[in-house]
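The exercises below concern the model shown next. Each task is followed by a solution in steps.

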Amino acid sequence: MSRPRAAGTVSGLIAIAVSAVVFLVPFAFIVLTASKNRSESALRDFSLPTEWAIWENFLAVVQARDYMLLAAFVNSTILTVASVAIMVVLAAMVGYVMQRRPNRWTPLLNALVLAGLIIPPAVVPTIWVLQGLGLFRTLHGLILIEVAFGLSFCVLLFRAFTATIPRELDEAAMIDGAGPVRLFFQVVLPLLRSVIVTAVIVQSVAVFNDFQNPLYFLPGDSNATVQLTLYNFRSQYTTQWNLLFMDILLITIPPLIMYAFFNRQIVAGLTSGAVKG
Amino acid sequence: MFSKPSTPRRAAATATAVLTAGLALTGCSTGGDDGDGTLNILMDNSEATGRLMQALADAYMEANPDVKVELEIRPGGSEGDNIVKTRLQTGDMPDLFFYNSGSLLQALAPGQTLVDLAGEPYMDVVTDTFKEGVSAGDAVYGVPVGHAIGGGVLYNLAAYEELGLEVPTTWDAFMANNRAILDAGGAAPVIQTYGTESAWTSQLFVLADNYNVLAAEPDWAEEFTANEAHFADTPAAAAGFEHLQEVGEAGFLNEDFASLTYNEGLAALVAGEGVHYPMLTNALTEIEATDPEAVDDLGFFALPGTDAANHGMTTWLPGALYLPQSTEDQDSAKDFLAFVASTEGCDAQTADVSVIGPYFIEGCAVPEDVPPAVAQLQSYFDAGLTAPALEFLSPVKGPALEQITVEVGSGIRTADDAASLYDEDVKKQAQQLGLEGW
């Protein structure tokens with residue numbers, strides 16, 4: 001009886017040790033490099049800095065290019081919150097209807113959702129469309145683009161999860177007199193909670209970390225998102241590694257906080273959504 | 001539970017719906033601004049460009065208080081090329097932009113997207129060498145920013161002094177120096193860096209040899225562009241690949257060449273772990289930024305060829321400012337260009353940024369107290385022993401050269417094979433450009 005338990009404890013400890021090495025060592029490297037002065041950081045050694053310059057680096061990063069990082073955090077926050085909110089609500093509606101009411105159009109719609117995952121975006125035609133709509137160089141234009149690129153994945157997630165909600169609940173609500181809108185928002189949406197959390201987390205990270213789309217669709221220093229600020233310190237020939245890593249450190253903190261808070265829901269949401277197709 | 005929905009729930013549902021609809025419409029709108037006394041300039045994110053452009057912008061704003069110059073950065077490398085092309089094609093380019101001269105400029109289709117500056121009075125003081133690098137046909141498109149760059153070998157002065165070596169003027173003398181350094185032990189004779197994002201450094205043996213190619217074959221560039229001469233069937237041109245193979249086979253390279261990066265290579269050169277590093281002289285900017293005193297420990301010589309009496313240097317042109325046709329306020333943009341192409345412009349650059357080579361604007365002087373490597377670079381210009389790199393004489397440059405030279409340096413591919421493979425590689429680009437004879 002005690003044998004297997006001891007073995008379990010040992011393997012658990014090993015797992016903790018391995019994950020600590022895999023996750024904490026790179027993080028320690030980021031923190032250490034972010035605390036060094038420029039010439040020391042250029043060596044990129046895993047070592048303690050001879051003099052700690054963490055505050056100077058922090059100021060340099062925040063003040064770089066006329067406080068670009070602060071504007072970038074505001075932009076990134078608006079972008080992430082808005083696009084994920086739209087994505088989740090739309091995807092929940094689409095996923096719910098597609099799962100509950102299959103008809104002869106469903107295969108076509110499925111193909112379209114899959115196409116959204118498979119077909120890569122083309123930059124110049126997309127810019128033409130945005131220019132035609134007057135949305136180019138605007139944050140809401142970029143929000144719509146992020147929604148378009150993230151929607152397919154969310155729809156698949158929600159459709160799979162809706163299958164786990166008993167149809168009897170819908171019927172009971174309808175017998176009680178709920179219309180379609182109330183049925184969706186008051187009965188179904190609360191039950192989708194765990195998959196909503198999953199979609200929010202996955203898409204927030206994706207949108208927050210997105211580099212390519214803001215780079216091409218939202219040009220201009222005042223429009224920068226946080227990932228674009230990395231290019232303040234990194235170029236083809238020269239790189240300020242200490243400032244680059246400080247920037248990375250600052251950018252990493254918001255997603256890190258999200259993971260710390262929603263850790264349990266992510267795992268629950270991912271596994272429960274995966275059971276039934 | 002369902003028959004009596006609580007008010008907070010309903011409120012929450014409504015709020016969600018409203019929030020979703022509302023968020024799509026809000027968000028701060030920031031459009032491009034034009035014609036309000038602001039001059040927007042797009043430039044790459046390298047420190048050197050940033051400091052030069054900032055110096056020019058500050059000096060210009062001081063002389064013209066009613067104009068505000070705003071600098072916007074973009075990534076460098078192939079991502080930057082994509083951005084410049086995308087923004088030109090969509091008519092979204094700022095009033096002016098900074099970009100490479102030479103073959104990269106040709107890829108922008110300058111005739112369709114840029115304004116011809118050939119008739120502008122301020123272009124008279126720009127040297128002809130530079131104009132050749134920013135021309136297509138009779139049209140001239142760019143105003144130079146920054147200093148001339150030399151391609152050759154940066155070397156560690158202390159190591160040369162210790163071993164009593166002299167600057168080699170022929171390839172054989174260079175190899176003899178390498179042999180002496182190897183025999184003395186302790187340092188690698190030649191640094192090569194093929195690590196992450198540093199593969200471009202492998203091209204120097206080939207690209208910086210262009211002076212020697214032109215010395216042997218004066219019509220090389222024209223014939224190469226016309227598909228009449230090739231690397232494989234021109235011995236002088238193939239020599240660059242052979243030299244790289246020779247240093248590799250002789251065991252002159254640092255042991256960790258396959259993983260070392262460009263920055264680490266520079267650090268190794270400064271620390272004396274390696275003695276020679278074939279490189280462009282704008283590396284001095286990076287060295288100075290990392291360790292300001294290290295610049296004085298380095299020397300520079302051009303990549304030697306066969307003739308000691310004709311030991312000259314291959315030069316690179318700095319980038320230039322270009323005026324897109326989409327710019328609405330052409331006059332204020334041209335006024336800024338006139339300032340850049342004047343002695344006030346280069347004085348502003350000299351005041352704020354360390355000079356690493358001569359200017360391409362007539363009447364611009366280089367200060368006396370420059371680091372030794374820059375003085376050596378200047379001596380080639382003073383003696384008139386310079387020739388532009390091939391990419392400024394011909395629009396044809398294959399995209400895979402750095403991969404090919406990495407293979408040669410690593411001993412995976414022979415020099416002959418590499419030269420013919422590169423001839424195949426340039427064919428694709430020449431056909432894309434629609435050149436005659438391909």
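**Exercise 1. Locate the annotated transmembrane regions of chain A and describe two of them.**

Step 1. The unreviewed UniProt entry assigns the annotation "transmembrane region" to residues 12-34, 67-96, 108-130, 142-162, 183-208 and 241-262 of chain A. UniProt positions follow the numbering used here, feature names are shortened, and annotations may be inferred rather than shown by experiment. The model is predicted: local features need pLDDT of at least 70, side-chain atom pairs count only at pLDDT 80 or more, and totals for chains, interfaces and linings use all residues. Residues are numbered from 1 along each chain as its sequence is written, chains are lettered from A and ligands numbered from 1 in the order in which they are written, and side-chain values use heavy atoms, with hydrogens and water left out.

Step 2. Residues 183-208 of chain A are 96% helix and 0% strand, with end C-alpha atoms 32 Å apart. Residues 241-262 of chain A are 100% helix and 0% strand, and their end C-alpha atoms are also separated by 32 Å. Helices (H or I, at least four residues) and strands (E, at least two) are DSSP runs, numbered from the N terminus.

Step 3. The unreviewed UniProt entry also places "domain: ABC transmembrane type-1" at residues 73-262 of chain A. That span is 77% helix and 0% strand, and its end C-alpha atoms lie 21 Å apart. Chain A as a whole has twelve helices and zero strands; its C-alpha atoms fill a box of roughly 70 × 70 × 30 Å along the principal axes.

**Exercise 2. Characterise the interface of chain B and chain A.**

Step 1. Contact (heavy atoms within 4.5 Å) links 45 residues of chain B with 45 residues of chain A. The buried area is about 4100 Å², 57% of it from carbon and sulfur atoms; this is the accessible area (1.4 Å probe) that two parts lose on being put together, summed over both.

Step 2. Eight residue pairs, both at pLDDT 80 or more, are in polar contact between chain B and chain A. A polar contact is a pair of N or O atoms within 3.5 Å; within protein, one must be able to donate a hydrogen and the other to accept it, and residues adjacent in sequence count only if both atoms are side-chain atoms.

Step 3. On the side of chain B that touches chain A, at least two residues each come from α1 (7-25), β2 (68-74), α3 (77-89), α13 (262-271) and α14 (283-290) of chain B. The largest share, eight residues, belongs to α1(B).

**Exercise 3. Which side chains meet in a salt bridge of 2.8 Å, N to O?**

Step 1. A salt bridge is a side-chain nitrogen of Lys or Arg within 4 Å of a carboxyl oxygen of Asp or Glu. The rule finds four across the interface of chain B and chain A.

Step 2. Glu47(B) and Arg38(A) form the pair in question. The count over all chains is 14 salt bridges. Glu47(B) lies in α2 (residues 47-63) of chain B and Arg38(A) in α2 (residues 38-43) of chain A, so the pair joins two chains.
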